[in-house]
Amino acid sequence: MTAPVFAVVGHPNKGKSSIVATLSQNDAIAIALEPGTTRKRQEYPLTVDGKTLYTLVDTPGFQRPRRVLAWLEAHSISASDRAETVQAFVIQHRDDGSFTDECELLAPLTEGAGIIYVVDGSVPYSAQHEAEMTILRWTGRPSLALINSIGDDDYSDSWLRALGQFFQVVRKFDAVRAPFEQHISLLRAFGQLEPAWEQPLEQAAAFLLAQRRQRRTEAAALIARTLEDMMSFREKRTLTTLQTSEISDTDLAGQLRTSWYRNQRKREQHLRIAIEKLYEHHRVERQEAELEWHSEHDLFSEDSRKAWGVNRRYLATAGFGAGAVSGAGVDVLALGHSLGAGALVGGLIGAAGSYFYGDRLALPVLNTGVLTNGLRTATFGPVQDSQFGYVVLGRAINHWWHISHRNHAGRELLDLAPAHNHWLEHLDRASRQTIHRALERCRKQRALDDKTRLALASAIEQAMDAYDKWRLNRT
Amino acid sequence: MPDSGIRQLLEFDSQVKRDSDQSPAFLHRRDRRFALDCRDRGLSPTPQRWLEHVRRLRPPLPADDPLRPWRRLTTGFALAGLITGVIAMLGLLFYDGGQRINLTVILAFVMLHCLLAVITTVQAFAGWQPWRWLLRKLKGTGTASALRPLQPMLMARAAHTGGLVFGLAGLATLLVLVVVQDLAFGWSTTLDTGPDRYYQLLATVAAPWQSLWPAAFPDRELVEATRFFRSNSGGTANPALWGRWWPFVAMVWTTYVIIPRLVLLALATIHPGIRARRELARHPGMIALQYRMETPALDTGNRHNDAADQPDINTSGQLHPLPAGQVLIRWAGAGEPELPDTLAAGYHLILAAGGNAALAHDNEIIETAGKTLAEARSPAVAVITRSWEPPTGELADFLQLARKSWPATTVIALVPLAAQPDQPPPDHQVNQWLRFAERTGDSRIIVSTPDMISPESRIHRALQDEYRE
């Protein structure tokens, strides 16, 4: 059985390419508010292991629909020959250059494609579209109309009424803003156009949903790895005796600090690009405050803390959990004779430490080693403030959220404005403790084992869920 | 190859690290393809096959054995064992002709060694690393993170190798000393014990070889005859009896130093391999690989890239004042239901074309307008359009046809109207009309966006001279 093909057709400049870009997750399709941006039809097949489940065909817009309709009417005798007449039109004109765009868009329909007719619901309905809708009806192919919204105004009601007369199904679909669930729902609607198309479209929807779940897991693993790297990063320099005598500790700390900041920023940028690639966004322009210590977006500034940091109570509870786990080790060693006192004491110490020190600014400090063989090693970092981890985590999840909810038709600048609430407080206790423990381990330069890494990634995935819910409740 | 499991784990770990910078989509395609190929050939996609597949397609990497530091460490332990084995045996068998060599001391030393061997194995199984400081000094032994969980086992292997060489060196030293010296063994203890009880102890110790080598099994008379007390340095027994203990000592050494070490070394050789296979199975990269191999590779059709192939949206076209014309044509329903008064005033003819009207109707409109324009001294037509609708081929055809019918000096002013006619259209919409006028290559086709609010705009509307000439 051949896979269904859907030709996305319509008037020029109504967002056909945007629809295709979003559904095929391709941000490299030329989209411009200019008629004639799409000059040739282009196929976008969705394949699973090389087997095509369906194909979307982006087409140029109608240029001379009344002339085409006049030709068709002049060459048809009855309603039964209409589809054949359209085919004859394409054969007749495909090489003569007078109806290039029409031939490009009608050819897939004559080859058996379904019709996805796109209109812009943000501009008023106009009867001039009736000629092209009539031509499409002449093809006899299963059809669905999509009301896209390019501008802010809404004329969709008048469009709904008009399109209902020509098309089997009419749906609203904002190519730039429609959430992923709507993409899936739209694909399922495509499958309803013909019985034989239902199964491949259902399969495609299932694969796309699985891919989205997997991407979320992979994004969490990427964030976990970056968090580990950034929390444990140390800037190291080896100096000779001469170099040691030539540079003061203050200057050395300054140089290492600059380099440390640069590397941390670079690492964060790598994460941004990796997440964008994961979601097939290759051309995102970002507007985000860089990790600057001494700018208005200073990580340790009050503003950054308010945006991404967590409060003392949060730190105390997470610290209690982390301390209790360590203290439980004492109970195990005492074969339970300590009656859980170890866990309690450990928890209290952890909570107190986090409560009293979690809110203090603790920059990484310069450490210089002893002179050995005429060489001295100076290190800067790792960061001593676990809030840094929460700021990095918050920024990363905020970026992930924007990317995962960004449609591939979107071409606007990605504005990563900081959130203004402690979203992490929506996270369950176990995940909080896992994150806190991992941050503390990194801060103390204790390497994470694979099990802890998996647990951290899993906790971050929970944090993504919490953030998602928080955003949903906020809007 | 005893370390094949470890090498496989390390190679896998290293490949996973190399893959970490690859795009997930690529990795999925690569591994799914491998799994499908395996299925087609009726093979199971094992990690070994996967590594072979990856290895086959890349140029050979410089041979850098990650286990070399461990081999060096093991050799170091063996050398240390050799030296300390000789020294320990020389120390145990030190005999200055005065005191006897005390069998009790030898037995205690052997048991201590045996205990240490067991502790080494226990720590390997428990994963304790009390000697981690030593590894930190020996760079390279723990650099690969995948090797970290195997360190206790590899360390136990090195320790058992050292222990085995220690035992063998000790035995060799004993045999050499037996040949070149007359060793006088005896037994002595402060404890209140008689020869009978001491004999029972030795018989129990010697039970494993009782039938194998009876000469090495102690007899009661020998035990009775070879007890000595330090205060009584001369002894009472026949001096030849003192030397009869050496087979027993050799067998104690062999059975309780060499054989346990041999067995535990064999175990320590197998154990890291087994553990490595377990580590490989639960390696995070393996879980991800299994997922990629099991899950169909989805391609949403995002390979096509024409992002750079954008139309040129620059224009040198300029807006012009609306000329005082004779005919106004509403194109494709523009200005419906009612034209703004400021725009409609002053025209001789107001016509409609395009949209859902028939093509024949458009031709009639061109003809009607042509008659009016022919009578005018400065013929000009305003074509009102919807600013948001892009100019299509139909309008281009209409203007081309009109141009042929109308007087050659006719100025055609395209007036794009916004959805709210009293508001000026946005720039990006006006620009598409400017580009359209530019594309026609006709200098008498201009674009105007008159001010619809001010009543003066109609009064001051004037045709500029350059269009008249």
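**Note on a predicted two-chain model**

1. Of the 475 residues in chain A, 53% are buried. Among the contacts in chain A with a sequence separation of 6 or more, 75% are between residues 24 or more positions apart.

2. Chain B, for its part, has 18 helices and eight strands, and buried residues account for 49% of its 469 residues. When contacts in chain B between residues at least 6 apart in sequence are considered, 78% of them join residues at least 24 apart.

3. A helix pair in chain A deserves attention. Two packed helices are described by the angle between their axes and the distance between the axes. For helix 8 (residues 195-232) of chain A and helix 10 (residues 249-278) of chain A, the axes come within 10 Å and cross at roughly 175 degrees. Angles over 145 degrees count as roughly antiparallel, and helix 8 of chain A is therefore roughly antiparallel to helix 10 of chain A. On the side of helix 8 of chain A the contact includes Arg215(A), Glu218(A), Leu222(A) and Asp229(A), while the residues that meet them from helix 10 of chain A include Gln264(A), Arg267(A), Leu271(A) and Leu278(A). By class, the residues of this contact divide into eight nonpolar, two polar and six charged.

4. A helix pair in chain B has another geometry to examine. Helix 2 (residues 24-40) of chain B packs against helix 12 (residues 284-294) of chain B at an angle of about 70 degrees, with the axes 7 Å apart, and the two helices are therefore roughly perpendicular to each other. The crossing of helix 2 of chain B with helix 12 of chain B is right-handed. Helix 2 of chain B contributes Leu27(B), His28(B), Arg30(B), Asp31(B), Arg32(B), Phe34(B) and Ala35(B) to the contact, and helix 12 of chain B contributes Leu289(B), Arg292(B), Met293(B) and Glu294(B). In this contact there are five nonpolar, one polar and five charged residues.

5. Helix 7 (residues 151-180) of chain B has 30 residues, which at 1.5 Å a residue should span 44 Å, and the 43 Å between its end C-alpha atoms agrees with that expectation. Helix 7 of chain B is mostly covered, since 22 of its 30 residues are buried. Val178(B) belongs to this helix and, leaving aside residues up to four places away in sequence, touches Leu183(B) and Trp246(B). From Val178(B) to Thr226(B) the separation is 48 residues in sequence and 18 Å in space, C-alpha to C-alpha.

6. Most residues other than glycine have a negative phi, and most peptide bonds are trans. In chain A, however, the peptide bond from Gly381(A) to Pro382(A) is cis, with omega near 0 degrees, and Pro382(A) lies in the loop between strand 10 (375-380) and helix 14 (386-404) of chain A.

7. Positive phi values also occur in residues other than glycine. Glu280(A), in the loop between helix 10 and strand 8 (286-287) of chain A, has a phi near 60 degrees, and its relative accessibility of 7% means that Glu280(A) counts as buried. Ala332(B), in the loop between strand 4 (327-331) and helix 13 (341-344) of chain B, has a phi near 50 degrees, and at 5% relative accessibility Ala332(B) likewise counts as buried.

Definitions and conventions: Residues are numbered from 1 along each chain as its sequence is written. Chains are lettered from A and ligands numbered from 1 in the order in which they are written. This is a predicted model: local features need pLDDT of at least 70, side-chain atom pairs count only at pLDDT 80 or more; totals for chains, interfaces and linings use all residues. Side-chain values use heavy atoms; hydrogens and water are left out. Axes are lines fitted to C-alpha atoms, for helices over the stretch in contact, and angles run from 0 to 180 degrees between N-to-C directions. Helices (H or I, at least four residues) and strands (E, at least two) are DSSP runs, numbered from the N terminus. Angles under 35 degrees count as roughly parallel, over 145 as roughly antiparallel, 65 to 115 as roughly perpendicular and the rest as oblique. A crossing is left-handed if the near helix is turned anticlockwise from the far one by less than a right angle, and right-handed if clockwise. Contact means heavy atoms within 4.5 Å. Ala, Val, Leu, Ile, Met, Phe, Trp, Tyr, Cys and Pro count as nonpolar, Asp, Glu, Lys and Arg as charged, and the others, Gly among them, as polar. The expected span of a helix is 1.5 Å times one less than its number of residues. Buried means under 20% relative accessible area, exposed over 50%, partly exposed in between (1.4 Å probe, protein chains only).
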